[in-house]
Amino acid sequence: MDELGDRTMDMTDSASTNQPLLEVKDLRVVLPLLEGNLVAADGVSFAIRPGRTLGLVGESGCGKTITAQSILKIAPRKARTDGRILLHYADRPATDIIGLGADDPELLKIRGGECAMIFQEPMTSFSPVHTIGNQLMETILLHRTRHRREAHDLAVAMLAKVGIPAPAETLKKYPHHLSGGMRQRAMIAMALASQPRLLIADEPTTALDVTVQAQVLRLMKDLQHDLGMAILYISHDLGVIARMADEVAVMYMGSIVEQAAVRDLLRTPMHPYTRGLMASVPRIGKKSGEPLQSIKGNVPVPINKPRACGFFPRCPVAIEGVCDRVVPPLTPVAAGHSAACFRYSEVVAAAGLDQGGANVH
Amino acid sequence: MSTDPLLKVVGLKKYYPIESGPLRRVTGHVKAVDDVSFELARGEVLGLVGESGCGKTTLGRCIVRAIDPTGGVAQFVPEGGITVDLAAAGKRELREVRRYMNMVFQDPFSSLSPRMTVREIIGEPLRAQKVPSHEITEKVERIAQMCGLNPAHLSRYPNAFSGGQRQRICIARALVTDPVLVVADEPVSALDVSIQAQILNLLQRLQQELGLSFIFVAHDLSVVEHIANRVAVMYVGKIVELSDTEDLYARPRHPYTEALLSAVPQPDPDVADETIILGGEVASAANPPSGCYFHPRCRYAREVCQSDAPPLREVVSGHFAACHFAESLQLKGVVPEPEKEQGVP
């Protein structure tokens, strides 16, 4: 499937104290479809430090989910993956997950153990023919304990922790007995049951109500505080990201277009897409009566993606002849802040002068 | 424009029986909508918010009679001279007023038939009204254009369209009969953020241009604040607070509303996280707690809340709340300082 078997071990990183837990380097995922090659991820690079949270923001089809799937090697089988995904250890060299074989015992230990994932779809992530307890205990028995009694108690405790009422009875239920919200909580319990070092959360609270979302976000923060796990938090909701993430990467058409500390990104977004995204969400407590600023056009599908800035067709400040010919590289624009845009300085300047008219050109 | 409300709902109920045992005896009821009353003025946008299972969708569906309510009255006056009780109307009566009301659903993928062209989909309500076909064609094209669809694309099937465009098709279908009342059930929840704004702007523009009344069902409080004139907050089948949008967001009168507002994550790093984390679960509509349904989760609850259910009452002019302590509690909203003095008791 992939021709990178020789990259299993990577010795380049010495054991520094500030070593990242996970490094994604130049990840490229191509899905060959009938219509052409869908470039789901195009040169994605980021690092996550232990105990920190990286927010991955973007709309549907931007490649955030496939990036997460690549970390666990659960991307669609026909996907062609390139690049490196390094999982670092304190006491041994890093593992390149992309180089691992499908049935490598190392991979089985990583997947669901060291790196657990919470999925977007609570409906499809559980098996309908096994009880919640069976599925939850499977993870626990695989990664934490061999004693069924103990696993059962842990499962009950985990369900209680994610706010499921009557957890002992819930263990005997099947997924269809639970509401969508309850199912999502059970899944969060399942992911956290293995006490992962890295939790990949793919829109985990999108299906939840705000008050429940608040509970779950706080729960995840508390657990992160207790266990020191890192979180890769995928969301389209900048509000949730503001609450959860330390650092944010904004994705569009398979590429990271902007990356910064959460504060910097929300205060001074530099990429026109990030700015557009922020202007298009209504803010609570800020009713203006004016129409929202929207980004024109539709979210494109990156099939046979041209060598150009992916945002070019929708960008209010695009330069004809430049942005449609050259891919703007992700370059540092301020301390700890990178953006992939040729016009970021003008975007920032224009926005500083005129908030409302920044998108009209 | 008359001063009569377009819709006057009094004591609307929708109960689902709970059957158990081998004989499927009815042993209780899920009170999905329980004694709900409100009025909707012409040209008004009423936001209906609450968490999943609170009955907001059921209420919306009862009003357009997608489902039959168990009891209550929903007096609908679409035009001078026509008055219908939507809660009790029979088939024939309903058929006559169907064209005055319509619905937009949440998921633009499952609410469009994949076997019909967009032209057929949008024209379907007119065909149901037995409108002559040449009029249908003309009407469909006009409404499609208003909704931002290219008339040249009308012979395509829904799969050729993106989520945002599909929602435009759903909106066009809802508006093709020139309704006066549109129930929009989470119309932007399934859309991408950058597309949400387009659809919200479209709905707002159409609402203003056509003078429509909206019942806008949503869980996203920022979206509701943006679009609604008034907001009703539901909890376990009942309206617990109903007020002008500005008042409600500046000075909520029900502890549940306060908690809801505080829980909305804001994309602003300088806003301190002051979320009120509600303990426990949304109460079950099949087996609600005694007294005030919210009391087990309420941080202000006192003894009386366990025994007596507070009725929805007017606390200050135009601001209704169902809380024993609506006057005395100083609840925190999300709008920093209201310009109006109205909020101070």
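This is a predicted model: local features need pLDDT of at least 70, side-chain atom pairs count only at pLDDT 80 or more; totals for chains, interfaces and linings use all residues.
Student: Which parts of chain B does the pair R230(B) and E44(B) tie together?

Tutor: Start with the contact itself: the side chains of R230(B) and E44(B) form a salt bridge of 2.5 Å, N to O. R230(B) is in strand β9 (residues 230–235), while E44(B) is in the loop between β2 (25–40) and β3 (45–49), so the pair ties together parts of chain B that are 186 residues apart in sequence. Both R230(B) and E44(B) are buried.

Student: Where in chain B do E51(B) and R297(B) lie?

Tutor: Their side chains also meet in a salt bridge, at 3.9 Å from N to O. E51(B) belongs to the loop between β3 and α1 (56–63), and R297(B) to the loop between α9 (255–262) and α10 (303–307); the pair links distant parts of the chain, 246 residues apart. E51(B) is buried, as is R297(B).

Student: Why does R65(B) count as buried?

Tutor: The term is a cut-off: buried means under 20% relative accessible area, and exposed means over 50%. R65(B) counts as buried because its relative accessibility is 12%. Its salt-bridge partner is D68(B), at 2.8 Å from N to O. D68(B) has a relative accessible area of 45%, so D68(B) is partly exposed.

Student: Which residues are linked with D42(A) in a network of salt bridges?

Tutor: In chain A, R28(A) and R307(A) are linked with D42(A) in such a network.

Student: What is the nearest side chain of opposite charge to E241(B)?

Tutor: The nearest side chain of opposite charge to E241(B) is R253(B), 6.0 Å away, and the buried E241(B) has no salt bridge. E241(B) is in strand β10 (residues 238–244) of chain B. Its side chain makes a polar contact of 2.6 Å with the side chain of T257(B). Another polar contact, of 2.6 Å, joins the side chains of E241(B) and H319(B).

Student: Is F325(B) buried or exposed?

Tutor: F325(B) is buried, since its relative accessible area is 13%. This residue is found in the segment after β12 (319–321) of chain B. A separate reading is sequence distance against spatial distance: F325(B) and R302(B) are 23 residues apart in sequence and 9.6 Å apart in space, C-alpha to C-alpha.

Student: How many cavities of 30 Å³ or more does a search of the whole structure find?

Tutor: A cavity is space where a probe fits but cannot get out. The search finds 5 of 30 Å³ or more.

Student: What lines the second largest cavity?

Tutor: The second largest cavity holds about 60 Å³ of space. Its lining has 13 residues, with P272(A), C309(A), C315(A), C323(A) and C341(A) nearest the centre. By class, the lining has 11 nonpolar residues, 1 polar and 1 charged.

Note on methods:
Residues are numbered from 1 along each chain as its sequence is written. Chains are lettered from A and ligands numbered from 1 in the order in which they are written. Side-chain values use heavy atoms; hydrogens and water are left out. Helices (H or I, at least four residues) and strands (E, at least two) are DSSP runs, numbered from the N terminus. Buried means under 20% relative accessible area, exposed over 50%, partly exposed in between (1.4 Å probe, protein chains only). Lys and Arg count as positive and Asp and Glu as negative; His and the chain ends are not counted. A salt bridge is a side-chain nitrogen of Lys or Arg within 4 Å of a carboxyl oxygen of Asp or Glu. A polar contact is a pair of N or O atoms within 3.5 Å; within protein, one must be able to donate a hydrogen and the other to accept it, and residues adjacent in sequence count only if both atoms are side-chain atoms. On a 1 Å grid over the protein atoms alone, a cavity is a set of points where a 1.4 Å probe fits but cannot get out, and a pocket is an open set with protein on both sides within 12 Å along at least five of seven lines; lining residues have an atom within 4 Å of a point. Grid points are joined across faces, edges and corners, and a volume is the space filled by probe spheres set on the points. Ala, Val, Leu, Ile, Met, Phe, Trp, Tyr, Cys and Pro count as nonpolar, Asp, Glu, Lys and Arg as charged, and the others, Gly among them, as polar.
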